[in-house]
Amino acid sequence: MLNIKNMSAVILLLAFSAVLFAQKAEIDKTAPGFTLKDSNGKEHSLSDFKGKYVVLEWINFECPFVKKHYNSKNMQNLQKEYTGKDVVWLAVCSSAPGKQGNFDNAEINERLKDHDANLTAYLIDESGDVGRAYGAKTTPHMYVINPEGTLLYAGGIDSIPSADIDDIEDATNYVSAALDAAMGGKEIATKVSKPYGCSVKY
Amino acid sequence: MKFYTKQILSLILFSMISFAQPVETEHVEAELISEVSSIRAGTPFWVALRLDHEEEWHTYWRNDGDAGLATKIEWNLPEGFEAGEIHWPYPKKIIISGLANYGYENEVLLLAEITPPEKLPENEIKIEATAKWLVCRVDCIPGSADLEMTLPVKNNIPKVNNEWTTKFANAREKLPITSTGWNFEASLNDTIVTLHIQRPEWSNQKFNEVVFFPYETGIFINAGIQNFSTIKSGLYTLEIPLDRLRIKDPEILKGILISEKGWCGEGSEKSMEFNVPVGMKSSMTQIPASNNDGLILALVFAFVGGIILNLMPCVLPVLSIKILGFVQQAGKDKTKIIKHGGAFTAGVLFSFWILAGLLLVLRAGGEQLGWGFQLQSPTFIVILSIFLFLFALSLFGVFEIGTSLSSLGSKVEKGNGNGSAFLSGVAATVLATPCTAPFMGSALGFAITQPPFVTMSIFTSLAIGMAFPYLLLSIFPQWLKFLPKPGNWMESLKQFMGFLLIATIIWLAWVLSIQAGADALIILFSILLFSAIAAWIYGRWGNVAKSGRTRLIALVISLAILLPSAIWGLNLINQIPQYTSSNSSSSAGLNWQKFSPEIVNKLRNEGKHVFVDFTAAWCLTCKVNEKVALDTEEVINKFDELNVAAVKADWTNRDDAITEALAEYGRNSVPLYVLYNADSSVEPKFLPEILTPGIVIEALENLN
């Protein structure tokens, strides 16, 4: 009896996950549109940022891989550099309510302040719909969208998958490489990479 | 005072190290363990990183899946030591909120082989490693531990550390097996890679659930559903969905396939490693066009093999009979001789066809068969012994063959010996079967996997090859002039030939004794005694000098003695349980282990080269090889020196595991000598079918 129950649960889960991963994001195609509230309750749509490069950064402050890039200031430095070049930098949190990384607005803003983050906005995607549309798997998982709304890059933040701060120095940063190439009118060398980190807590 | 403190301190430290204490970290206990309790210079050994996870927590496989990190081991070894790559047991697919990870829960051993340098002082060595992992439940924690263990260096063969034997064995069971014999084809369309899987000939296992775990990461939807379906018996497809955001299109599909039903039968290994280039279109659903080059080559090999068969030890007695035949013919006229040659060829052809037909029928019936299989049956051996014994008695002059066997009698007499030429062709074939000449093995291996008409062609080619020298002599009888003139010596020669047949019977009796023991021998000899009595009666009263009535009575009486005794004896022998093949592994020299695919893998994993001797008691070539090459002191020493394990696959009685193993190499006959390198990435090597100590030693030396 229990076995049948377990089995049907597994089958359901598998079927469900197949539906979940009917992702829409594809490289060199129009990035899926969305409208989400940020940590101050303000709504943002992707379409609002037409004409600007947009970076999406999947985030979960409790994840050791996110900590790696925030404690080392690596992420903040990138944010600072590119928002300074008129790039829109959006952090997206798809942690479901009650799951790791899901915080109330006050806590988010406090953490952002503590980390000295330089984001355009911290978007809350509790339902996980946007995360699934983009096929976001890990935190961090990075996306670069061009001013026409085309997805240019999807994948990891850099080339060395580890939780070691020491590795950042030796790694190739794929996000800055993609942005620099696109802005300089060059071909992006790595358009997709394997994202690394903790799984997104849908 | 200070000096003592230091000593005591190091003593305490030392006692801690030698027990290789596990390191407790958050949610994981990590430990470095060794399969052996001591090591020896130059002899590789296996160690493992043992990770014991707290309930619900997991660490990752070589491909972590959607998120996570593969565990890493950074070795810090003493000078001259080398560590191999991690051998990963197959993981579990862990699905958490729609994302799939490949990882390990509970306890896992990540195996690695360490090779010490060729020279080492007897002392102790310390192996250190830093292990790094990511341990996750829903949340993740990166972990690491500095691990170490000390091992004594000794001069004798390393002993297994009993504490970990079972755990190492369990971990090995989860290592992927190689996909030898399996065929794969992969094709890519927009969103799916379709993998065609074709079962090897020897397997009749049915599979209903197979899952692919890729080695490459970032290409497939790890949590996606993989559709597995059966196209027809033995041919399957697996559809693997591609991630839209993939790093690249797969060029080579690499990874493991997991079947809950084992790949080599129920309860066997569940994981199989494979790799196949990804093409755009699949052709496996169609029947592959037969390869003509392969066929022609096989036919040529079969023909040459057939000629060489004449020189094989087990054909030798018949060879002499045939030579005798030609000596007799030398005086007769040309057409008759050609006819004889033709009849002999026909006899050979006829028996090869019968064998081929039988093989095909039995193969269709799903029997695991191979060349020489007749000699796996005690019944066959007994009947062959009777046949040869009567033949010998006839040569000794106890009775006349040409005028006797009444059913064949008329034809034999009328055809001036064409019938007996035909029969000697049959006899030659029957005797030749257990000897596999070098070329024949591969030709037959090819034949057995082919459609019936190809199999028949190959057997035909083999038969023509075998009869060829005689056909040639009968067409050009002038070449026979090199043979001595007929005379009284012929009678002496004929009688002497009888002893060769008796010698053959001794060999057959020995084969039977291995199959069915000493009791069977007594029965066989009793049958032969009755056969002798029958032959004597027939020779004494059934010869042409007696009246027709006397002859008939003599025939009836001798058959009345021969047939019931043979039937009675065969019945008795078949009631004796056949011995297991291990009983026949009697050669003293090398330390033979009994064959199984598992033992070969196990030994290789232990870092040993493995020599497998596919043999059988009834295979004279095998026995000769064992005597002159394998059981010699120099070879035995070489085995010892290079740490090569000797494994014997004894095919004296039918053994499905051995038949399957032979089929894997496209063979269905013995001898076959396979030398596996301990390094599993090195392809196994085959030794020739006729061995000398030099050949074996050279092959062994080339291992490293």
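I started with a proline: A:Pro140 sits in the loop between strand E6 (138-139) and strand E7 (142-145) of chain A. I note here that the model is predicted.

**Sheet of chain A**

Next I followed E7 of chain A into its sheet. The sheet is open and has seven strands, in the order E2-E1-E5-E4-E3-E7-E8. Its pairing is mixed. I looked for the edges and found strand E2 (43-45) and strand E8 (151-155) of chain A, each of which pairs on one side only. From one strand to the next, the twist averages 30 degrees.

I then took the pair at the E8 end. E7(A) and E8(A) run in the antiparallel sense and share four bridges. Across this pair, A:Met142 stands opposite A:Gly155 in E8(A).

**Helix H3 of chain A**

Which residues of helix H3 (residues 74-83) of chain A are buried? I list A:Met75, A:Leu78, A:Gln79 and A:Tyr82. They span an arc of only 100 degrees around the axis, so they lie on the same side of H3(A).

**Two positive phi values in loops**

I looked at the loop between H2 and H3 of chain A, where A:Lys73 is placed. A:Lys73 is not a glycine, yet its phi is positive, near 70 degrees. Is A:Lys73 buried or partly exposed? I count A:Lys73 as partly exposed, because it has 15 C-beta neighbours inside 10 Å.

In chain B I found another case at B:His27, with phi near 65 degrees, again positive in a residue other than glycine. B:His27 belongs to the loop between strand E1 (23-25) and strand E2 (28-34) of chain B.

**Hairpin of chain B**

Strand E7 (residues 92-96) and strand E8 (residues 99-104) of chain B pair in the antiparallel sense, over five bridges. B:Ile96 faces B:Leu99 in E8(B). Two residues lie between the strands of this hairpin, and B:Ser97 has a positive phi near 35 degrees.

**Where the chains touch**

I followed the hairpin to the interface. In total, 25 residues of chain B are in contact with 32 residues of chain A. On the side of chain B that touches chain A, the elements giving two or more residues are E7, E8 and strand E11 (140-152) of chain B. E11(B) gives the most, with three residues. I sorted this side of chain B by class: 15 nonpolar, six polar and four charged residues.

**A helix pair in chain B**

Last, I looked at helix H12 (residues 518-541) and helix H13 (residues 548-575) of chain B. Their axes come within 8 Å and cross at roughly 175 degrees. H12(B) and H13(B) are therefore roughly antiparallel to each other. The residues of the contact of H12(B) with H13(B) are 19 nonpolar, six polar and no charged.

Technical notes: Residues numbered from 1 in each chain as written. Chains lettered and ligands numbered in written order. Predicted model: local features only at pLDDT ≥ 70, side-chain atom pairs only at ≥ 80, totals over all residues. Axes fitted to C-alpha atoms, helices over the stretch in contact; angles between N-to-C directions. Parallel < 35°, antiparallel > 145°, perpendicular 65-115°, else oblique. Nonpolar A, V, L, I, M, F, W, Y, C, P; charged D, E, K, R; others polar. Buried ≥ 20, exposed ≤ 12 C-beta atoms within 10 Å, placed from the backbone. Arc of directions from axis to C-beta. Pairing = 2+ DSSP bridges. Contact = placed C-beta atoms within 7 Å.
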